[in-house]
Amino acid sequence: MDKKLLRLPEVAEILDLKEDRVYALAREGILPVVHLGKQLKVDPDKLSEWINNGGKAYNGGWKKSS
């Protein structure tokens, strides 16, 4: 298997998001990640599929806390 998993900073660059936002999406289970111990990686095929399917939103949408 020669598939290279992406690091979250690489995913942030692909998605044009800040790294902290990508880490939050990964923690929330919104971004498809692979857990390798304490490291989080992203399969590029799964990321592409996720993007092509329109991603995934937070449950209940974005809410501003009062």
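This is a predicted model: local features need pLDDT of at least 70, side-chain atom pairs count only at pLDDT 80 or more; totals for chains, interfaces and linings use all residues.
In soluble globular proteins, nonpolar side chains tend to be buried together.

Leaving aside residues up to four places away in sequence, tryptophan 50 touches Leu15, Ile30, Leu31, Pro32, Gly55 and Lys56.

## Helix 1

Helix 1 spans residues 8-15, and Leu8, Val11 and Ala12 are buried in it. Viewed down the helix axis, the buried residues fall within an arc of 105°, so they line one face of helix 1. Their cover includes strand 1 (6-7), helix 2 (19-27), strand 3 (39-42) and helix 3 (44-52). Aspartate 16, which follows helix 1, has a positive phi, near 55°.

## Salt bridges

The structure holds three salt bridges, and Lys3, Asp43 and Asp45 are linked in a network of such bridges. Lysine 3 meets aspartate 43 with an N to O distance of 3.1 Å; because lysine 3 lies in the segment before strand 1 and aspartate 43 in the loop between strand 3 and helix 3, the pair ties together parts that are 40 residues apart in sequence. Aspartate 45 also forms a salt bridge with lysine 3, the closest N and O atoms being 2.8 Å apart, and, as aspartate 45 lies in helix 3, this pair ties together parts that are 42 residues apart in sequence.

Glutamate 10, partly exposed at 23%, forms a salt bridge with lysine 4 at 3.0 Å between the closest N and O atoms, and lysine 4 is exposed at 52%.

Key. Residues are numbered from 1 along each chain as its sequence is written. Side-chain values use heavy atoms; hydrogens and water are left out. Buried means under 20% relative accessible area, exposed over 50%, partly exposed in between (1.4 Å probe, protein chains only). Helices (H or I, at least four residues) and strands (E, at least two) are DSSP runs, numbered from the N terminus. The arc is that of the directions from the helix axis to the C-beta atoms. Contact means heavy atoms within 4.5 Å. A salt bridge is a side-chain nitrogen of Lys or Arg within 4 Å of a carboxyl oxygen of Asp or Glu.
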